[in-house]
Amino acid sequence: MSKLARELETDFPVPSELEAAWTWMEEQGYGGDAPIGYCLTPYPGAYQLGVVFSAEERLEGWFEDNQLPAGRLLPIAEISGSGGIGALWLDDAGEVRFVGLADGTAFILADNAIDMLRLCAIGYDDLGPYNLGLPPDRPECVEAVADFRAWVEQTYNVQVPSEWDIEEEDEFTDWVNRLSGEDVPEQAGPTDASAVPGDLGLVLAVLGRPDGSDELVTFAQTIGATLKDGKLKGSVVALRQLGVEGLLNRGNIKTLFLSLDQYPRVDQLLDDHGTLLTPQRAREHFGDPELAGEVDGKQWLRFTIGGGYLHFTFEMDGRATLVTAMVEAP
């Protein structure tokens with residue numbers, strides 16, 4: 001038995017393939033003591049380049065003490081630099097699944113142990129909703145797990161893919177929602193988003209909608225994202241290359257950031273006539289801002305639009321650099 005399995009001190013049914021991987025990591029010398037306790041990684045060195053397996057991960061902050069049924073969820077790893085947790089989940093059918101809790105979302109990472117090992121062998125630095133769905137973006141992380149990747153492929157006669165997708169919402173998402181007494185929120189976008197012209201109207205229509213919704217697909221198609229079978233591959237994550245980042249709340253889009261240095265349609269944010277966004281143009285379209293100010297040599301304006309907010313950041317010369325659309329203001 002691996003040292004990590006002994007450290008867990010649990011009756012939870014840890015899959016034999018995972019235990020074999022931990023044993024292999026220890027044989028390679030990839031284990032060691034850290035401030036949080038004993039840890040294992042599928043790569044050498046102390047620098048965090050991906051998943052860190054540990055017996056010291058905790059679920060505080062995700063569940064109240066009386067919410068979590070005994071024996072259904074066992075945290076076993078840190079999966080992201082922001083503190084995301086990887087865990088074993090005993091689903092309603094009694095099968096062990098590999099799941100993640102990261103960036104305010106709950107999702108299934110893999111349906112079985114071998115698939116989880118394949119995922120760990122790809123070379124992602126984070127196994128979070130904003131990384132998966134696209135290839136790893138750090139070559140050093142891919143290289144770091146080369147030996148582990150070879151071991152997984154040779155031991156289990158499988159191929160490790162170059163990228164990994166997860167579902168936007170799944171049985172684990174629903175299970176977590178039930179435990180917390182919440183349903184997936186049925187938020188609507190800003191009520192008068194349809195009156196906002198140009199791409200900003202499409203952005204506002206996306207707010208509050210599920211990741212992968214028709215509204216998001218329409219926006220993605222308009223700005224030139226690649227669709228497959230009418231769907232956005234990797235969902236909101238796939239928009240990063242076009243200067244768009246999204247934040248989710250239980251599967252629904254709560255914030256979109258448009259970095260205008262990358263955004264492909266800067267001159268069509270307000271209309272389709274090639275009108276550039278300036279503080280004056282923003283006031284002409286939206287009236288007086290709810291809030292305004294300056295910080296670090298930049299001017300910003302925030303407007304309420306129906307049930308949401310638009311926050312604009314401008315250089316002092318009037319050039320817009322960032323648009324933030326939000327369901328809730330910070």
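Which residues of the largest nonpolar core touch the most other members? In this predicted model, select W22, M25, F53, I76, L119, L127 and F148, which are the ones that do so among the 41 residues of that core.

Return now to M25 and show its surroundings: leaving aside residues up to four places away in sequence, M25 touches Y30, G31, L40, T41, P42, F53 and F148.

Next, select helix α3, residues 113-120, which is largely enclosed by the rest of the structure because 6 of its 8 residues are buried. Those buried residues are A113, M116, L117, R118, L119 and C120, and they pack against α2 (16-27), β3 (52-54), β6 (96-102), β7 (105-110) and α5 (146-156). At the start of α3, show the side chain of N112, where an oxygen comes to within 3.2 Å of the backbone nitrogen of I114.

The last stop is the second largest pocket, which holds about 360 Å³ of space. To centre the view there, select A34, C39, T41, A46 and V52, the closest to the centre of the pocket among its 18 lining residues. Strands β1 (31-34) and β2 (37-40) each provide at least two residues of this lining, and the largest share, 4 residues, belongs to β1. Coloured by residue type, the lining shows 10 nonpolar, 6 polar and 2 charged residues.

How values were computed. Residues numbered from 1 in each chain as written. Predicted model: local features only at pLDDT ≥ 70, side-chain atom pairs only at ≥ 80, totals over all residues. Heavy atoms only, no water. 1 Å grid on protein atoms, 1.4 Å probe; cavity = no way out; pocket = protein on both sides within 12 Å on 5 of 7 lines; lining within 4 Å. Points joined across faces, edges and corners; volume = space filled by probe spheres on them. Nonpolar A, V, L, I, M, F, W, Y, C, P; charged D, E, K, R; others polar. Buried < 20%, exposed > 50% of the residue type's maximum accessible area, 1.4 Å probe, protein only. Contact = heavy atoms within 4.5 Å. Polar contact = N/O pair within 3.5 Å; in protein donor to acceptor, adjacent residues only side chain to side chain. Core = buried A, V, L, I, M, F, W, Y, C linked by side-chain atoms within 4.5 Å.
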